[in-house]
There are 2 protein chains.
Amino acid sequence: MKIMVLGGGGRAGQAIVQEAVKRHHDVTVVTRDARSSQARVPAGVAVLERAPLALTPEDVAGYDAVVDAVGIPWGSGHGYLHLDIAAHVIALLRGQKTRAVFILGSASLAMPGQDHPAIEDFPEVAASQPWYDGARYQYYEWQYLRWVDNVDWVAFSPGEAFMTGPASGYQLGADTLLLDATGQSHVTTGNMALAILDQLEQPTAHQKRLAVADQ
Amino acid sequence: MKIMVLGGGGRAGQAIVQEAVKRHHDVTVVTRDARSSQARVPAGVAVLERAPLALTPEDVAGYDAVVDAVGIPWGSGHGYLHLDIAAHVIALLRGQKTRAVFILGSASLAMPGQDHPAIEDFPEVAASQPWYDGARYQYYEWQYLRWVDNVDWVAFSPGEAFMTGPASGYQLGADTLLLDATGQSHVTTGNMALAILDQLEQPTAHQKRLAVADQ
């Protein structure tokens with residue numbers, strides 16, 4: 001498959017690129033700064049120097065999938081880019097067959113036994129936390145995606161802890177946070193990458209969000 | 001003021017351009033097809049040939065306001081462009097002083113005495129109506145705009161009847177449909193243009209939607 005990864009030099013993106021290369025896919029990493037990303041992009045991976053919001057219809061033409069793995073630094077105040085980049089990717093792919101893949105935060109998942117996103121219950125004081133800005137816009141991003149019925153999108157939400165780590169096996173859920181036997185919620189970047197590549201190779205979820213956790 | 005109008009060759013857009021020119025503003029019309037729009041653009045108005053979704057940060061630099069007056073033909077199945085174009089304009093103007101102006105449908109207004117958008121009460125059969133696709137996405141567009149806190153946006157909703165007609169005087173409301181003495185809801189394109197230009201010259205509403213009706 002021909003796969004484009006936005007944020008492919010980032011933490012989640014690197015794991016996705018690595019897994020895609022391992023499976024012999026044709027991978028292009030989109031980055032604002034090709035030179036500084038070069039060290040983090042494996043050999044054989046194409047690099048397109050472009051800000052995600054500057055991607056054109058021509059740029060994405062011919063790809064089987066566009067994966068939005070752009071991470072926004074906590075405390076940057078730029079959490080809105082989660083929403084803007086998702087909306088841009090969707091606008092580029094309207095009415096096309098190309099799959100669009102998004103990574104949403106865990107705050108838009110429901111706590112077990114609940115029927116609404118956890119972020120809706122967060123106390124007001126949460127807004128002062130450095131992660132809140134990104135979590136809020138990824139929650140909006142999720143609401144936005146649910147309005148999209150002419151793009152074959154799928155979204156993935158990690159656990160509360162989304163750690164750099166190897167691929168070891170994962171479990172999938174839907175809109176509810178997955179907990180391990182001790183009540184902890186976690187997924188490695190390697191397992192997130194496994195889940196995304198499995199889903200691209202064997203599509204089962206369309207216009208849906210999947211929760212991913214370590215097995 | 002330097003004002004950019006998207007959809008400036010369309011029904012609402014023409015009235016806005018005409019009113020802006022009358023007030024001696026510096027107006028640019030953005031159009032996909034400069035040649036076919038030429039007849040509908042008054043002398044002295046600049047034309048930028050560009051699809052709205054292809055507008056770049058450089059294109060909008062230096063403008064005091066960007067007015068999204070793009071109309072999507074009923075029954076085209078392209079109602080999603082209301083949402084995509086709004087999201088694109090917002091992404092271009094994040095963190096800037098340029099005002100962003102949007103025209104939303106009347107279906108996202110509440111009926112008098114109600115506290116929620118009328119479209120939420122529409123029977124399922126409404127979905128088969130040719131106007132529904134656009135109305136639905138303008139409702140989403142309104143929800144989307146309410147997430148935007150770093151652009152100085154203002155939106156206008158016309159009445160149920162939004163007719164081509166002269167500027168004769170208007171009244172403003174908020175999120176509720178305005179009715180005349182006989183219970184009718186209507187506004188002309190001329191009065192919508194008056195309301196928009198007055199708001200640009202004398203800003204009173206920030207990150208809000210205003211209902212507009214004939215006086």
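1. Of the elements that contribute to the lining of the second largest pocket, α5(B) provides the largest share, four residues. The model is predicted, so local features require pLDDT of at least 70 and side-chain atom pairs count only at pLDDT 80 or more, while totals for chains, interfaces and linings use all residues. Residues are numbered from 1 along each chain as its sequence is written, chains are lettered from A and ligands numbered from 1 in the order in which they are written, and side-chain values use heavy atoms, with hydrogens and water left out.

2. The second largest pocket has a volume of about 800 Å³. Of its 31 lining residues, B:Trp74, B:Gly105, B:Gln138, B:Pro158 and B:Phe162 are the closest to the centre. Two or more lining residues come from each of α1 (11-22), α4 (80-93) and α5 (132-145) of chain B. Helices (H or I, at least four residues) and strands (E, at least two) are DSSP runs, numbered from the N terminus. A pocket is found on a 1 Å grid over the protein atoms alone, as an open set of points with protein on both sides within 12 Å along at least five of seven lines; a cavity is a set of points where a 1.4 Å probe fits but cannot get out, and lining residues have an atom within 4 Å of a point. Grid points are joined across faces, edges and corners, and a volume is the space filled by probe spheres set on the points.

3. By class, the lining of the second largest pocket comprises 19 nonpolar, eight polar and four charged residues. Here Ala, Val, Leu, Ile, Met, Phe, Trp, Tyr, Cys and Pro count as nonpolar, Asp, Glu, Lys and Arg as charged, and the others, Gly among them, as polar.

4. The largest pocket holds about 1200 Å³ of space. It is lined by 42 residues, and those closest to its centre are A:Val70, A:Gly71, A:Ile72, A:His82 and A:Gln138. In chain A, α1 (11-22), β2 (26-31), α4 (80-93) and α5 (132-145) each supply at least two lining residues; α5(A) gives the most, with four. The lining divides into 22 nonpolar, 14 polar and six charged residues.

5. Chain A superposes on chain B by a rotation of 180° with 0.0 Å of shift along the axis, at an RMSD of 0.0 Å, which is the relation of a two-fold axis. The superposition is by least squares on the C-alpha atoms of residues with pLDDT of at least 70 in both copies.

6. The contact (heavy atoms within 4.5 Å) takes 16 residues from chain A and 16 residues from chain B. The copies meet through the same surface, because 100% of the interface residues of chain A are also interface residues in chain B. The two chains bury about 1500 Å² between them, 58% of it on carbon and sulfur atoms; buried area is the accessible area (1.4 Å probe) that two parts lose on being put together, summed over both.

7. Four salt bridges (a side-chain nitrogen of Lys or Arg within 4 Å of a carboxyl oxygen of Asp or Glu) are counted between chain A and chain B. One joins B:Asp84 to A:Arg94 at 2.8 Å, N to O. This pair crosses between chains, with B:Asp84 in helix α4 of chain B and A:Arg94 in the loop between α4 and β5 (99-103) of chain A. B:Asp149 also forms a salt bridge with A:Arg136, their closest N and O atoms being 3.3 Å apart. Over all chains, the whole structure has 16 salt bridges.

8. Five cavities of 30 Å³ or more are counted. The largest cavity contains about 60 Å³ of space. Its lining includes A:Asp84, A:His88, B:Asp84 and B:His88, and the elements giving two or more residues to it are α4 of chain A and α4 of chain B. By class, six of the lining residues are nonpolar, two polar and two charged.
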